[in-house]
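The following paragraphs lead through a structure of several chains, with attention to how the chains meet. Please keep the sequence and the model in view while reading.

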Amino acid sequence: MMTIEWFTQFLAVAAALAAAPLFLGWVNQCRAWLQNRRAPSVLLVYRGIRKLFHKDAAVAEPASRLFIFTPYIVFGTMVVAAAIIPSVSTRLPFGTAADAIALVGLFATARVFMSLAAMDIGTAFGSMGARREMMVGFLAEPALLMVIFVASLISMTTALPVISERLATQALTLSPSLAFTGVAFTMVLLAENARIPIDNPATHLELTMIHEAMLLEYSARHLALLEWAAALKLLNYACIGFALFLPWGAAMGEAGPPALLTAVAFLALKLLVAGVALALIETLSAKLRVFRAPQFLATAYLFASLGLLVHLLLGA
Amino acid sequence: MIANLGSPLSAALALLCAWVVIGLAGLLRPMSLVFAGRTLFPLGAACGLALALAALLGIAAPTAHLTLPIGLPDLPMHVRCDALSCVFLCILGATSAGVSLFGAGYFRSGQGAPPGLLCLQYHLFLASMGFVLLADDAYGFMVAWETMALSSYFLVTTQHRIEEIRRAGFLYLLMAHLGAIAILLCFGVLQGGSWQFSFDAMRSAQLSPPRAGVALLLALVGFGAKAGLVPLHVWLPEAHPAAPSPVSALMSGVMLKVAVYGMLRVAFDLLGGPLWWWGLLPVSLGLFTALYGIVFAAAQTDMKRLLAYSSVKNIGILFTGIGLAIVFHGVGRPQLAALALVAVLYHSVNHAFMKSLLFLGTGVVLHSTGERNLGRLGGLIHRMPWVAWLTLVGTLAIAGLPPLNGFVSEWLLLQAFLFAFEVPHTFVNMLLPLGAGLVALTGALSGYVMVKFFGVVFLGKPREAAAAPAHDAGSLERGGLLWLASGCVILGLLPAQIVPVLARVAEQLHVGRLLPNGAPWWMLVPLQGRQASYAPLVFSCAVVAVVLLTIWVVRLLYHQRIRRVAPWDCGFGRLDARMQDTAEGFGQPIRHLFEPFFAMQRQLPSPFDPAPRYRVVIGDRIWNAAYAPLGALVQRIADAFAALQQGRIASYLLYGFITLIVLLALVL
Amino acid sequence: MTAQPFVLQILNALAALLLLLSFAMLAQRRVVTLVNLLALQGAVLCAATLLLAWRTGEAHLYFSAALTLCLKVAFLPWLLHRLIRRLGVYWDTDTLLDTTGTMLVGLLVVVFAFGLAQPISALASTATRSAVGIAVAVILLAFLTMITRRKAMSQVVGFLSMENGLFFGAMSATYGMPMIVELGVALDVLVAMLVLGVFFFQIREQFDSLDLEHLQSLKEDR
């Protein structure tokens, strides 16, 4: 049975690596449709990454090694996170390496490295981006932790595979607390992945950008890795959301190849729907001023805490 | 010398005495920097290492007692060495080994006190902390405690010619003595009418709940003052920047932990069973301290003050854990209580390593640039790569990032918080989980603070010319930094080996047991059957593997060419170092969000000012509201008494005479 | 954990929705939206009452559902909208505490309410007793809404929301108040609303604004 588990693990990582740019492309396409624009190809993100890999890297003179290593570290972190999250199956050899809280910590590590690299050149935009990214990060983390708390209250563990299994096997109930935390999680997802109410992934307007400001000095393969890592992060967050709130469809327990195939199909379906939902949210909302971000994320924290309290009160 | 001294207790005592001897040896050639630096400090570091090893063995060994014939007649000194003492002795030994090694290369001539005297004070400080940890009666404890306070006071005021440092030292001494009074009173309550001041007598004393509550409160005030619990934290951000860096490292890394030890000793050992709701006070004070400390750390512009406030935050986390352990212990959840206690111990060890590392790193920066102000530093990673990379380890560790050690203890604490809703009391079961959100907030905020610290000091471009010709640390200094940094890494990667060792403390204090579970050696599973697991070794190896694989694949498929160009910066062009974010700028979002915390004075230049200067002064509201009026009151009373001072012998004799008459009249 | 009957699950979900709407009202600065939220809260309340009536078979609950629908979903919001148009009060931005702070205080209020309601729900024998905490929370949050606002209009909305909470509490603790009490309360609310409407015009005539800060100048100068 070990071989099949390792095969599943390999499949999950490969699927994540391949699907991440595709998912981002799909979100972009949906956004374009919803905004009455002609949509770019779904494969555009891939093409961009390939093009970047071929270029010569231009590194700014004041850059230290930290700047050059960061893309690799961020990319590696995201790949390992993809190996830990039970997106396809709940029996992954890496699944026990980190629970949900440690996963949040891993993302934080990637964020800190990104921010430090942004400050390495000593440009005004870089440090501004780093500062804002860290601000969004410290506001999002408590909300995310409360979300994990509520999900783990139901199954008494913070291990993502166990949470998914319990949720998928128990009787289907209408749970207001899970609904609240689901909303909170979506808000955190938007903030952490530099999506619209907090940051605009399509902008290069200097004074409003957060994520892009940190990437300004990167080029070629470093930029390609960071873009890929950003796509992977979005996918990872979506998969954490599925594991916490929509675990149905993933292979539970020991599963053979047919079950895995269905699980992959289900994952694709969920991602399709999630992409449309994400594009819809981004189209319907306007970007907030930077100093409204705390309010936005405090609301997320509020939702998650309400979920917790309602769960304690109603037991559902 | 050590081998024939069988038990860990006698080994520890011998090593502490060795420290005293090393210190005294410094007086042989008080002005010789080479003798103190190259001989005595490395010897002290070796003693520290040996102490750590002995203490590590002592954790597993049974409790040992010894009665030493020192002290007043009929009042021999009792020493005792149990698992709790050993854990903290281990912290003392291991941290001081790194700090002493660093100190060997750090102290320069011509700075304040002569090196021999410094050596004596330093080693006396170390030994007194050790004796605090070993003492088993109130007398011995208080003597060691006061020696610790005094020796560290002299170390803080090493550069006593500077007015500011004298003031900081005075404040420190004042707070230390206020705390000591509270501890003394606490022991007075704890003896419970037997008037026996050995800890054994206190353990067997049956205290009524109100008395025990008073004792815990006094302990909280006394040890809280030493540890820096808000609102008793005011001395910390003054004293730490004033002291030489190795001393700040020891004070922040070890001395604050000695105060935590005292709190644990009183709460879980001497007091018997505290009632569950007494734990709520440390929890709420701790959470507030953590938030207060980290928010102030974000607003600082002096790097040592920033680290001092970060220590306040960590002390808050530690007291939160202590309170949580008391609550769980009181409501009969021994496993969770043990988990919270282990989290406290783990965090103590972690914080000792990472905070010492950071203070030592700032010490090198301070030496080679002469600057403590963040706004004048920058770009040091090019000039001092060793210090920068080793400090980066400490930075990431204290920011609570996996796979380093700071994350492990916060993870353990959060795991304990997760079950806080099982406390069978309304309100508490709802408020405690919300408190976990606060723990997460402070954890994430330390990430913010540490990015600011490292980014502004080491990254970017030098902001002032002074920072440009900086040089890297010497080899001894590097050795010290490397020791502490590797400690951070190992403590982070092998939690599954360390948690069972620490769990022995909880077991020995009858707090609870962490039951063994069938987890493999590389995986930490704190609670049986709960299936929350953490295997840092696995995912760090995986990340390293992926990174190497990526580099290899990229090189194979594409190329490795790098061109050095001028920074792009959106095509702006003329970029100079003054356009980077300053420390004030980086702290601005925090100042904006947490405005009610600060007493802020801002001076905004008018738009037509030809030489505009922006100034912001961050004040501490607690200082303004409580300490400043108190100080003014004391001053007024003292002024009133000054009227008695005539300068004439006759009037002083008259005062004595009147006092005598009044006393005689009262007595007879 | 055994699953609850589906009707109860829906009732719980509606209760949670009521709480959420209370928070939305606490955060909302636009008076028009505030009134719409009030109407929505009334509608949720009406749905919950209907569902409970269907489950318990108590006829008077149908009647109160109808009353809720007429009064709180239709008539009062209509009246308020009319007043807003006539008075031109669209925003209530100058609140005493910023939104985030208000929300966090609200969270503590909810903790208090839930804790307070636990003994009450332990006494009650109804199937919906666990929702009593939510009712108390709705009442207290409405109070908080009134405290933090300056405009008279939003205070009236807060007052009506409080009445919603009272109604919901009575419903979940004892399956509704006696009919006569309910009618009386409804009449009270109606009359209060009308009186307040007259009041608004008086206040505006006096101060040229509906800002209640101005009432501070009514006290005698010493």
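Between chain B and chain C there is one residue pair in polar contact, with both residues at pLDDT 80 or more. A polar contact is a pair of N or O atoms within 3.5 Å; within protein, one atom must be able to donate a hydrogen and the other to accept it, and residues adjacent in sequence count only if both atoms are side-chain atoms. By class, the side of chain B that touches chain C has four nonpolar residues, one polar residue and no charged residues. Here Ala, Val, Leu, Ile, Met, Phe, Trp, Tyr, Cys and Pro count as nonpolar, Asp, Glu, Lys and Arg as charged, and the others, Gly among them, as polar. The count of salt bridges between chain B and chain C is zero, a salt bridge being a side-chain nitrogen of Lys or Arg within 4 Å of a carboxyl oxygen of Asp or Glu.

This is a predicted model, in which local features need pLDDT of at least 70, side-chain atom pairs count only at pLDDT 80 or more, and totals for chains, interfaces and linings use all residues. Residues are numbered from 1 along each chain as its sequence is written, chains are lettered from A and ligands numbered from 1 in the order in which they are written, and side-chain values use heavy atoms, with hydrogens and water left out. The model scores ipTM 0.93 and pTM 0.92.

The meeting of chain B and chain C can also be described by residues and by area. Five residues of chain B are in contact with eight residues of chain C, where contact means heavy atoms within 4.5 Å. The size of an interface is often given as the accessible area lost when the parts come together. For chain B and chain C this buried area (the accessible area, with a 1.4 Å probe, that two parts lose on being put together, summed over both) is about 540 Å², 85% of it on carbon and sulfur atoms.

Chain A and chain B bury about 6,800 Å² between them, and 73% of this area is on carbon and sulfur atoms. Chain A gives 80 residues to the contact and chain B gives 76 residues. Across this interface there are 24 residue pairs in polar contact, both residues being at pLDDT 80 or more. On the side of chain A that touches chain B, helix H5 of chain A gives the most, with 18 residues. That side of chain A has 52 nonpolar, 17 polar and eleven charged residues. Two salt bridges are found across the interface of chain A and chain B. B:Asp581 forms a salt bridge with A:Arg131, and their closest N and O atoms are 2.8 Å apart.

Chain B itself has a mean pLDDT of 87, with 97% of its residues at 70 or more; pLDDT is the predictor's confidence in each residue, from 0 to 100. Over residues 1-5 of chain B, pLDDT stays under 50, and the model has seven contacts beyond four places in sequence for them.

Most residues other than glycine have a negative phi, and most peptide bonds are trans. A cis peptide bond joins B:Val230 and B:Pro231, with omega about 10°, and B:Pro231 lies in the loop between helix H8 (209-227) and helix H9 (236-242) of chain B. Helices (H or I, at least four residues) and strands (E, at least two) are DSSP runs, numbered from the N terminus. The peptide bond from B:Pro402 to B:Pro403 is also cis, with omega near 10°; B:Pro403 is found in the loop between helix H15 (385-398) and helix H16 (405-418) of chain B. B:Phe427 is not a glycine, yet has a positive phi of about 70°. B:Phe427 is partly exposed, because its relative accessible area is 29% (buried means under 20%, exposed over 50%, partly exposed in between, with a 1.4 Å probe and protein chains only).

Chain C comes to seven helices and zero strands. Its mean pLDDT is 81, and 88% of its residues score at least 70. Buried residues make up 52% of the 222 residues in chain C. C:Asn12 counts as buried because its relative accessibility is 5%. Leaving aside neighbours within four places in sequence, C:Asn12 is in contact with A:Pro176, A:Leu314, C:Gln4 and C:Ser130.
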